[in-house]
Amino acid sequence: MKSIQRFGLFLLVYLALPVWLPLAAAEQSRVAVILWFDTEDYLLPADDDACKRLAEMLTERHLRATFKVVGEKARTLERRGRHDVIAALRKHDVAYHANFHSVHPTPSEYLAECGLLDGMAEFVRREGGGANDVRRIFSVKTLACYGQPGSSWAPQAIACLKQIGVAPQGIPCYVDEGDHVGLDQKPFWYAGALNVYKMGRNCTRMELHDPAAVEPAKRKVSAIAERLVKEDGGGLISIYYHPCEWVHREFWDGVNFRRGANPPREQWQAPPQRPAEETEAAFRRFGEYLDHIRSLPRVRFVTASDLPAIYPDAVRQTGASEQDLEAIAARLAAPGLTGVDAQVIEHRAYSAADQFGLLTVAVSQLIAGRKLRFPLAAKELLGPDQAPPPARANQHLDWPAFRDTTLDVLNFIETQQRVPSRVFVGAEAVPPADYLAAVAAAYDFHRRNGKLPTSEGVTLGNHVELLSARHIAQDTPGLFGGWIIHPEGFRAPKILEVARLQAWTLKPAMRTD
Ligand SMILES: [Zn+2]
């Protein structure tokens, strides 16, 4: 009987295998597709139906997407009593896409002359209420991510996502596409958030209203997935749409807010609508595109709230080991250091700000005569809020002066949670990157000699460059001005200055799947 039972079990497992195989394959998938919808047209009622239909066609296919909802869109759905649309969207990730999107001033317009801190406060003031409304109307605790309207990007927005409740599992996420900041066309950490941005050749989409676009779009997404597996063992593909693209002839905001126009609410116009046949055909083609993507081997769909688990920050989670800190300090203490950048050790990425914080904490402990306990916690720091002062003429510092400077820096980062823009040596201010070279040298000296350089003193860096700032875009006429909603010729160079200072926080996001 026993052997028959065993055979029966074997048969059962064998017969069940074909069912299990696709599941096993899905678990091994190495390419993730994040499909996100900027859900923003609060003027054309047909957009409500387009949102619902998209949410439902994805749910029917057991796919989940990320719907970045504008505050006014959520309030409009509530006002129109479209609880059916709200319920359909809720089956997906509900995220945020600004309070009014294109009503002036847009985020880059009102942040154009701001610094870091006043800019963060202004972003919270203008956009926080809309985020609350989206959370309330969709009954969600946190919004899965934020992404800016058009090209209205600013680092201050990224730095305060947690404050406005955009932080799945406590990790702020930013998902959009643009050129302002990027790192190798892959996800990255910046200003305390996990960013999917400037994905370049890993961002794709199919033109919805051109029947001839379907086959090339399918081939393109297949080729991206194959390349990612071949080059990197996998990765992330970003695909975005707006539900209104299925139903409108022209973007709702271009009709009203083009090139700085700001009509009062009473005069807002709905955009012209497409004939029903065109909308139908676009939905059919999109279904075909989705079916193609989900049939690809080693490809799975993810949402914004999945990102923190796929790209965990090992440094923030577990801190720095002694070996890592020694390696970081040794690189920075090398003679003639010209620049600081993120350092990657195996799957652990340390931003310049991480290195600054860790070495300041470590050397402060040694000054206090305490034994270091590893792993050393790596707290989140923002970049400086102002440009650094000029480098000091004489780089040599006696030990007591440097000791007091280090303790002052420790107090600053503990109180302000950011890298100081000026590090004080008595009355003199020195650039934080030049100080970083010195604090690394002090740590490295201690490792080699078992004591701090109390008689030798330390040498500051000399015009050490923040290399990660090279990943911030240059100010060009098209960077902000390319969006039809911004005034003709609109430029925001100060936003990019603030962005370069926040490059202290830039580092690659390391994939674990
Ligand atoms: Zn948008």
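**Values against definitions**

Mentor: Helix 13 (residues 322-333) and helix 14 (residues 352-367) pack at an angle of about 105 degrees, with their axes 11 Å apart. This is a predicted model, where local features need pLDDT of at least 70, side-chain atom pairs count only at pLDDT 80 or more, and totals for chains, interfaces and linings use all residues. Residues are numbered from 1 along each chain as its sequence is written, and side-chain values use heavy atoms, with hydrogens and water left out.

Trainee: What makes helix 13 roughly perpendicular to helix 14?

Mentor: Angles of 65 to 115 degrees count as roughly perpendicular, under 35 as roughly parallel, over 145 as roughly antiparallel and the rest as oblique. The angle here is about 105 degrees, so helix 13 is roughly perpendicular to helix 14.

Trainee: Which residues of helix 13 and helix 14 meet?

Mentor: Leu325, Ile328, Ala329 and Leu332 of helix 13 meet Gln355, Leu358, Leu359 and Ala362 of helix 14. Contact means heavy atoms within 4.5 Å. By class, seven are nonpolar, one is polar and none is charged. Ala, Val, Leu, Ile, Met, Phe, Trp, Tyr, Cys and Pro count as nonpolar, Asp, Glu, Lys and Arg as charged, and the others, Gly among them, as polar.

Trainee: Why are helix 15 and helix 16 called roughly perpendicular?

Mentor: The axes of helix 15 (residues 399-416) and helix 16 (residues 432-449) cross at roughly 110 degrees and come within 11 Å. Helix 15 and helix 16 are therefore roughly perpendicular to each other.

Trainee: Why is Trp483 called buried?

Mentor: Buried means under 20% relative accessible area, exposed over 50%, partly exposed in between (1.4 Å probe, protein chains only). Trp483 has 13% relative accessibility, so it counts as buried. Trp483 is found in the loop between helix 17 (477-481) and helix 18 (493-501). Residues it touches include His101, Gly150 and Asp253, not counting residues up to four places away in sequence.

Trainee: What makes Ser222 buried?

Mentor: Its relative accessibility is 14%, so Ser222 counts as buried. Ser222 lies in helix 8 (residues 214-232).

Trainee: Which residues are the protein donors of the zinc ion?

Mentor: Donors are N, O and S atoms within 2.8 Å of the metal (3.2 Å for Na, K and Ca); water is not among the atoms, so sites may look incomplete. Glu40 (OE), His97 (NE2) and His101 (NE2) lie 2.0 to 2.1 Å from the zinc ion. Both His97 and His101 are buried.

Definitions and conventions
Axes fitted to C-alpha atoms, helices over the stretch in contact; angles between N-to-C directions. Helix = DSSP H or I, 4+ residues; strand = E, 2+ residues; numbered from the N terminus.
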